[in-house]
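User: I'm new to this one. Can you walk me through it?

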Amino acid sequence: MLGSIYALVALGYTMVYGILGLINFAHGEVVMIGAMVAISVVLAIGTGGLPAPIVLLAGVAVSIPACMLLGALLERVAYRPLRDAPRLTALITAIGMSIVLQNLAMIAWGRQYLSFPPLLPNEPHAFLGATVTGTQLLIVALTVSLMGALLLLINRTRLGRAMRATSQSPALAGLMGVDVNRIIMLTFMLGSALAAVAGIMIAGYYGQAHYYMGFMLGLKAFTAAVLGGIGNVSGAMLGGLALGVIESLGAGYIGALTGGFLGSHYQDVFAFAVLILVLVFRPSGLLGERVADRA
Amino acid sequence: MSTAGPLLTVQGISKAFGGVKALSGVSFEVPQGAVYGLIGPNGAGKTTLFNVVTGFIQPDSGGCMLDGTRLTGEPVHRVVQLGVARTFQNIRLFHQMSALENVMVGMHTRSRAGALGAVLRTRRVRDEEARLEAEAHALLERVSVAAWADHPAGSLPYGLQRRLEIARALASSPRLVALDEPAAGMNASETASLSELIVKLRDDGTTVLLIEHDVRLVMGLCDRVAVLDRGELIAEGTPAQVQRDPAVIEAYLGAPAEDARPASHAEGDTALGLPGVA
């Protein structure tokens, strides 16, 4: 469950990296904005009259375009002018944009936690020996179908072909008649749409959202992307799911392993331990042959 | 060669890189339906001119027109949309994509399916994809690379990569195909089948602009030839005229020609037809 959300966010990192070689550290903030916008819409409509699914869909319907716009804006305003600048410049800009977005969100929505009305079914079911809720099933099902659709888009369509061509050589893609700027902007928008979905899922699942929520989530999704092999779309999916499992198992068993010395609130340790181990022992990630090629 | 007006007009192109004048005031016209050769010693500015025509670099002054539409100043992808496609001196394929996909990327400008349609996979999008794929197969067939359609482009033998590049250039249905040394590194039989392919292109109505070091190929194939030397156009005309031109012979042989042979001789007999002169 957690893993599938990581995977969705990691896709945004990995697609942008694949095409620009840029780690868009503001991506976690796009997730946060997606959650915040959805909550605002849901609260504005109110949970009184309309059936819950419709209210939720309204939130989704506003949040996704809002995030796509934000992604396009980030690309156009922050990153495009730096396309030919050294990578470090763009990286610092990304961190800067992340801070700007956090603070804008803090001003717009305040410092307190916003609570997401319980619109989703939360009663537990027994499923293959585990206990899951309807929400969890919904999240996993939705993530899997989104990832399937994305793979189809990238591997089977004209747009996806143009994206892959651009990621291999922007100059050459331009010579083939591909409008490279447009493809890059569409990549940001696609990643941001997935981020919006992830944001809503998190807000819906935990029942709350906060202007700072994108930071840790972004770092973990970045870890997932690195684990899978950054720049590799299937890798991001695999990395996200793997990281989710590692974290959940780690948090569950850390107490037993350390004789009660460390508790489950140390779960964040696992993600970053994974990041360090991957960077030391397999910097190209699980499926990352392409990164090796690139170097 | 048709009697119609010029397809490509190159007018007063100058380009300097730092202090080096790569091109100074080059003008010529490529007639519709011709195979037009561009020759000259190494460093004469042929590839720079190619890059200007295809929008890859912008000239310091002058400009190019394709059938009355100004190309210079347009971004690269627009130049392609307007009908100019090219290949490269050093093969540049999308190595990790299959041969078929390389050709399909080349068709990018001709398909319209938008992002939304692509996501929803409407009937129109699927039909278009199927049509493009069939067409890409036909193009591979035409350059005899069909057997390699599903192999990564980077794994193809050298000669086939060159042909694949031509297929990819043709995929945009260009009005003008610019080939940058297509025969480089090819053996005699590969070169012969390449020249057949170029003749076929012309017969199908595509105008070809050709940079080539193999003078024999150029003289045998081209309807007209322009000769560049140190960034300047020193001769222009039919192969027969150009071969007689003293300035051309001097540029190639570095000495005044006292005995330029008449062009009525077979190409192989003239000074410029000597293999290795280029």
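Analyst: Ask away, and I'll take the topics one by one.

User: What kind of model is it, and what are its ipTM and pTM scores?

Analyst: It is a predicted model. It scores ipTM 0.72 and pTM 0.78.

User: What pLDDT does chain B average?

Analyst: Chain B averages 82. A pLDDT of at least 70 is reached by 85% of the residues.

User: Which elements of chain B have the lowest and highest mean pLDDT?

Analyst: Helix α4 of chain B, residues 115-120, has the lowest, at 58. Strand β8 of chain B, residues 207-211, has the highest, at 92.

User: And where is the pLDDT below 50?

Analyst: Residues 260-271 of chain B are one such stretch. Beyond near neighbours in sequence, that stretch has 23 contacts in the model. Residues 273-278 of chain B also fall below 50. There the model has 13 contacts beyond near neighbours in sequence.

User: How many bridges join β1 to β4 in chain B?

Analyst: There are 5 bridges between β1 (residues 6-17) and β4 (residues 61-66) of chain B. L8(B) stands opposite L66(B) in β4(B).

User: Zooming out, what domains does the assignment give chain B?

Analyst: Domain 1 of chain B is 1-83 + 174-238, and domain 2 is 96-172. The contact takes 10 residues from domain 1 of chain B and 9 residues from domain 2 of chain B.

User: Which elements supply the domain 1 side?

Analyst: α2 (76-82), β7 (176-180) and α7 (188-203) of chain B each supply at least two residues of the side that touches domain 2 of chain B. The residues on that side of domain 1 of chain B divide into 7 nonpolar, 2 polar and 1 charged.

User: How far apart are the C-alpha centres of the two domains?

Analyst: In chain B, they lie 25 Å apart.

User: Over to chain A. Is helix α6 mostly covered or mostly exposed?

Analyst: Helix α6 of chain A, residues 158-168, is mostly covered. Of its 11 residues, 10 are buried.

User: Which ones, for example?

Analyst: The buried residues include R158(A), L159(A), M163(A) and Q168(A).

Key
Residues are numbered from 1 along each chain as its sequence is written. Chains are lettered from A and ligands numbered from 1 in the order in which they are written. This is a predicted model: local features need pLDDT of at least 70, side-chain atom pairs count only at pLDDT 80 or more; totals for chains, interfaces and linings use all residues. A residue is buried if 20 or more other C-beta atoms lie within 10 Å of its own, exposed if 12 or fewer, and partly exposed in between; C-beta atoms are placed from the backbone. Helices (H or I, at least four residues) and strands (E, at least two) are DSSP runs, numbered from the N terminus. Two strands pair if DSSP finds at least two bridges between them. Domain bounds come from an automatic or database domain assignment. Two residues are in contact if their C-beta atoms, placed from the backbone, lie within 7 Å. Ala, Val, Leu, Ile, Met, Phe, Trp, Tyr, Cys and Pro count as nonpolar, Asp, Glu, Lys and Arg as charged, and the others, Gly among them, as polar. pLDDT is the predictor's confidence in each residue, from 0 to 100.
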